[in-house]
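Here is a short briefing on a single model. Please look over the sequence and the fold before reading on.

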Amino acid sequence: MHKSFERVLKFASHKYENNDGSHDLYHAVQVMNNAAYLSNNDNLCNICGLMHDICDPKYTNDVSKTIGEIEAVLVENDIDCAKDILLVIQNISYSRLRKPD
């Protein structure tokens, strides 16, 4: 495993440690593994899968601060698709899904 990804995984592990079982690290890794399978192991999809719930308002009191922390860890670890990852994880959420009228 690449060192940068290991550091991103450690960050995610810390962020998920207090979440309930439906949105814990195990869940995030399962989503990441599914994304990896569907995307032929694309780095963007893998990291989005791993980090998709970290900035969910149900699990953080300060979404803006958490997004800043995510951005910092991505940039510090030279993740080349950081802006795309931030765009995806801020906009992929069941709570943002438009429900039929």
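Predicted model: local features only at pLDDT ≥ 70, side-chain atom pairs only at ≥ 80, totals over all residues.

Residues are numbered from 1 along each chain as its sequence is written, and side-chain values use heavy atoms, with hydrogens and water left out.

**Helix α4**

- T66, I67, I70, V73 and L74 are the buried residues of α4. Buried means under 20% relative accessible area, exposed over 50%, and partly exposed in between, with a 1.4 Å probe and protein chains only.
- Seen down the axis of α4, these buried residues fall within an arc of 125°, so they line one face of the helix. The arc is that of the directions from the helix axis to the C-beta atoms.
- S64, K65, V75 and E76 are exposed on the other side of α4.
- The cover over the buried residues of α4 includes α1 (3-16), α3 (43-51) and α5 (82-91).
- A72 also lies in α4. A72 is partly exposed, with a relative accessible area of 30%.
- A72 and S4 are 68 residues apart along the chain, and their C-alpha atoms are separated by 13 Å.

**Helix α5**

- A82, I85, L86 and I89 are the buried residues of α5.
- Viewed down the axis of α5, its buried residues fall within an arc of 100°, so they line one face of the helix.
- The buried residues of α5 pack against α3 and α4.
- K83 and L87 are exposed on the face of α5 turned away from its buried side.

**Packing of α1 and α2**

- Two packed helices are described by the angle between their axes and the distance between the axes.
- α1 and α2 (residues 25-39) pack at an angle of about 140°, with their axes 9 Å apart. Axes are lines fitted to C-alpha atoms, for helices over the stretch in contact, and angles run from 0 to 180 degrees between N-to-C directions.
- α1 and α2 are therefore oblique to each other. Angles under 35 degrees count as roughly parallel, over 145 as roughly antiparallel, 65 to 115 as roughly perpendicular and the rest as oblique.
- α1 contributes F5, L9, A12, S13 and Y16 to the contact, and α2 contributes L25, A28 and M32. Contact means heavy atoms within 4.5 Å.
- The residues of this contact divide into seven nonpolar, one polar and no charged. Ala, Val, Leu, Ile, Met, Phe, Trp, Tyr, Cys and Pro count as nonpolar, Asp, Glu, Lys and Arg as charged, and the others, Gly among them, as polar.

**Loop residues**

- N77 sits in the loop between α4 and α5. N77 is buried, with a relative accessible area of 4%.
- Leaving aside neighbours within four places in sequence, N77 is in contact with S4, R7 and V8.
- D78 is in the loop between α4 and α5. D78 counts as exposed, at 67% relative accessibility.
- Phi of D78 is positive, near 55°, in a residue other than glycine.
- N41 is in the loop between α2 and α3. N41 is exposed, with a relative accessible area of 53%.
- N41 is not a glycine, yet has a positive phi of about 65°.

How values were computed. Helix = DSSP H or I, 4+ residues; strand = E, 2+ residues; numbered from the N terminus.
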